[in-house]
Structures are given as C-alpha cells and as structure tokens.
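Dear colleague,

Here is the structure that I promised to hand over, with a short account of what was found in it. Please look at it first and then read on.

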Amino acid sequence: MTGQDDNVIELLRAQHAEIRRLAGIVADNTGAVRQDAFERLRALLAVHETAEEEIVHPFARRSAAGGEKIVEARLAEEHEAKVTLQELERLGPDAHQFDALFTQFRADVEEHAGREESEEFPRIAEEATPEQLRGMVAAVKAAEAVAPTHPHPGVESPLANAVLGPGAAIADRARDAIRKAR
C-alpha cells in the first residue's frame, strides 16, 4: 500500500480531504474560528493549485490519453476558483455576501476535486512509474514550499508560475506575516 510520501495521487487526495474539512469548518462557524479556517483554506488552495499547475497537470497533459483536454478543463476551473477565492478574501468571512458566494465556491471546488480524482488521477496512475509518483511527491512539496499563499487568477501555467510566482509568493508571505503580527 502506498502513502502520501511515495505516491503523489495519495498526497493530493489527502489535500483534497483537508480542503473539504476546512471548507466545512468555514461553512459551519462564525467569528475567529471561521476566519482562521478560511485563511488556512485559502493558503492550502493557493499552494495546492500552484503545485498541480507546475507538476501534476504537465505530467497528465503529456502522458495520459486525452490529457490535453482534461488539463485544459481543470485549468479553466482553477482560474474561476481563484477569481472567486480572491473575491471571498476581499469580502472577508464576516461579510453578508460571503455565505452565498462561499456556498457556491465550496460546491465548485468539490466538483473540481472530484473531476481530478475521477478523470486525471486514474490516468496518471496508469502512466506513471512508482519512481515518477514518488518524484512528483518531492516536486509537489518543493513547489508548495515556495508557492503564493493567496489566489492569483491568470497564473495557471508552469511558465506563468515560474515567472510571476516567486514575486507573488514573497509578497503573499510578507502580507501573511504582517497580518499575523497585528
């Protein structure tokens, strides 16, 4: 049985489970609990999607049958999610409009994760060697360590992430540190 340390698909599935868990906390709470869960959800989604865009989607695009079409659809969903997440962040979890927008966002993210798990991940599992699956774990973790922690719509390709990502990551992490210091 493979785990998160030697299979990128298991790592991503575990992250999807954590995303679902945090979304539930946001939906079911108010005040500081909701704010904390939303900030953790926002950061996890930002680094998770960046790593998928840099590591996982390129592998699926070039290696899996029908990979180009599958990846393009996932990238379009990720772009829309970033736009909505950016709006949710602007509003803040206490805003009146937050609940309705977050409810739709949560459903869209769940649908997106389900499509990755049913369309993209099985193809990767078929095509990747155990060594590639293990190597992608290391690459995903490295990408997440330096990824932006806030959504940046329009940065959904490996090239855009390479060019714009480092500056955005530095700015995001500085903004996070200042927010925590307050």
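In the protein, residues 24 or more positions apart account for 74% of the contacts with a separation of 6 or more, where a contact means heavy atoms within 4.5 Å. Please keep in mind that this is a predicted model, in which local features need pLDDT of at least 70 and side-chain atom pairs count only at pLDDT 80 or more, while totals for chains, interfaces and linings use all residues. Residues are numbered from 1 along each chain as its sequence is written, and side-chain values use heavy atoms, with hydrogens and water left out.

The protein has six helices and zero strands, these being DSSP runs (H or I of at least four residues for helices, E of at least two for strands) numbered from the N terminus. Of its 182 residues, 45% count as buried, that is, under 20% relative accessible area with a 1.4 Å probe, protein chains only.

A search of the whole structure finds three aromatic pairs, meaning rings of Phe, Tyr and Trp (its six-membered ring) with centres within 6.5 Å, called stacked if the planes are under 30 degrees apart, edge-to-face if over 60 and tilted otherwise. Among them, Phe-98 and Phe-102 are stacked, at 5.5 Å centre to centre and 10° between the planes; they lie four residues apart in helix α4 (residues 98-127), and so are separated by about one helical turn. Phe-102 also forms a tilted pair with Phe-105, at 6.1 Å and 45°, and Phe-105 is buried, with a relative accessible area of 4%. Ring pairs link Phe-38, Phe-98, Phe-102 and Phe-105 into a cluster.

Best wishes

How values were computed:
Buried means under 20% relative accessible area, exposed over 50%, partly exposed in between (1.4 Å probe, protein chains only).
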